Amino acid sequence: MYGTVSTLHRFTMYTMEIKFTPWRMHYIKSSDETKRLDGCVLCAIPAASPEDDAENLLLYRGKTCYVVLNLYPYNTAHLMVVPYAHRANLAGLVSETAQELFTLTQRAVAIIEAEYQAQGFNLGMNLGRSAGAGIEEHLHMHVVPRWIGDSNFMPIVGGTKLIPEELSQTYARLHRGWRLTIDDSAM
Ligand SMILES: [Zn+2]
């Protein structure tokens with residue numbers, strides 16, 4: 001489930017060549033729902049009932065974008081900020097969406113820093129198939145926390161040894177973080 005040593009090694013050595021794991025269809029229970037949305041899982045996740053948010057790893061629903069854990073993380077707490085709008089064209093994002101995309105990315109970084117003592121981040125979008133986009137028709141921002149030495153071993157940070165954790169546990173930790181820090185009135 002977590003990035004293999006070779007994956008993380010590649011990630012570290014060739015940062016410009018990151019190819020994020022494509023999303024798969026496991027998120028959504030109802031294949032009918034996904035089919036109705038032309039098979040786009042990034043459209044199907046927020047279209048599902050909010051009651052299923054935990055199961056779908058959806059952390060936060062903003063006005064124009066949502067935040068969801070990556071099902072196949074490169075590192076613990078790898079998440080994605082995704083516009084609701086089904087769009088491939090970054091330049092075509094309306095400014096409200098672009099603003100919230102970045103605001104939520106900032107908050108994700110802050111929350112992961114606080115909860116996991118992350119020491120760095122890789123942030124990025126793969127636009128287009130040639131750039132390695134897993135779902136090229138629906139753009140999304142990857143937020144991948146990094147720790148010194150994380151390509152070689154699970155480091156000890158703040159007196160706590162970081163170990164791979166279940167996605168449900170990551171979800172619980174980050175969901176609590178969002179609830180503590182998000183002030184919706186400020187959006
Ligand atoms: Zn979509």
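Two strands count as paired if DSSP finds at least two bridges between them; helices (H or I, at least four residues) and strands (E, at least two) are DSSP runs, numbered from the N terminus. This is a predicted model, in which local features need pLDDT of at least 70, side-chain atom pairs count only at pLDDT 80 or more, and totals for chains, interfaces and linings use all residues. Residues are numbered from 1 along each chain as its sequence is written.

**Sheet**

An open sheet is formed by 5 strands in the order E1-E2-E3-E5-E4, with antiparallel pairing. Its edge strands, E1 (58–61) and E4, each pair on one side only. On average, neighbouring strands of the sheet are turned by 20° against each other, direction ignored; axes here are lines fitted to C-alpha atoms, for helices over the stretch in contact, and angles run from 0 to 180 degrees between N-to-C directions. E1 and E2 run antiparallel and are joined by 3 bridges. Leu58 has Val68 in E2 as its bridge partner. Helix H5 packs on the sheet, where it touches E1 and E2, and its direction makes about 25° with that of E1. Contact between two residues means that their C-beta atoms, placed from the backbone, lie within 7 Å.

The expected span of a helix is 1.5 Å times one less than its number of residues.

| Helix | Residues in helix | Expected span | C-alpha end-to-end distance |
|---|---|---|---|
| H5 | 15 residues | 21 Å | 21 Å |

A residue is buried if 20 or more other C-beta atoms lie within 10 Å of its own, exposed if 12 or fewer, and partly exposed in between, with C-beta atoms placed from the backbone.

In H4, the buried residues are Leu101, Leu104, Thr105, Ala108, Ile111, Ile112 and Tyr116. Seen down the axis of H4, they fall within an arc of 135°, so they line one face of the helix; the arc is that of the directions from the helix axis to the C-beta atoms. The face turned away from this buried side carries the exposed residues Ser95, Glu96 and Ala114. Packing partners of the buried H4 residues are strands E2, E3, E4 and E5 and helix H5. Just after H4, Gln117 has a positive phi of about 50°.

In H5, Thr170, Tyr171, Leu174 and Gly177 are buried. These residues cover an arc of only 130° around the axis, which puts them on the same side of H5. Exposed residues on the face turned away from the buried side of H5 are Ser168, Gln169, Arg176, Arg179 and Leu180. The buried residues of H5 pack against E1, E2 and H4.
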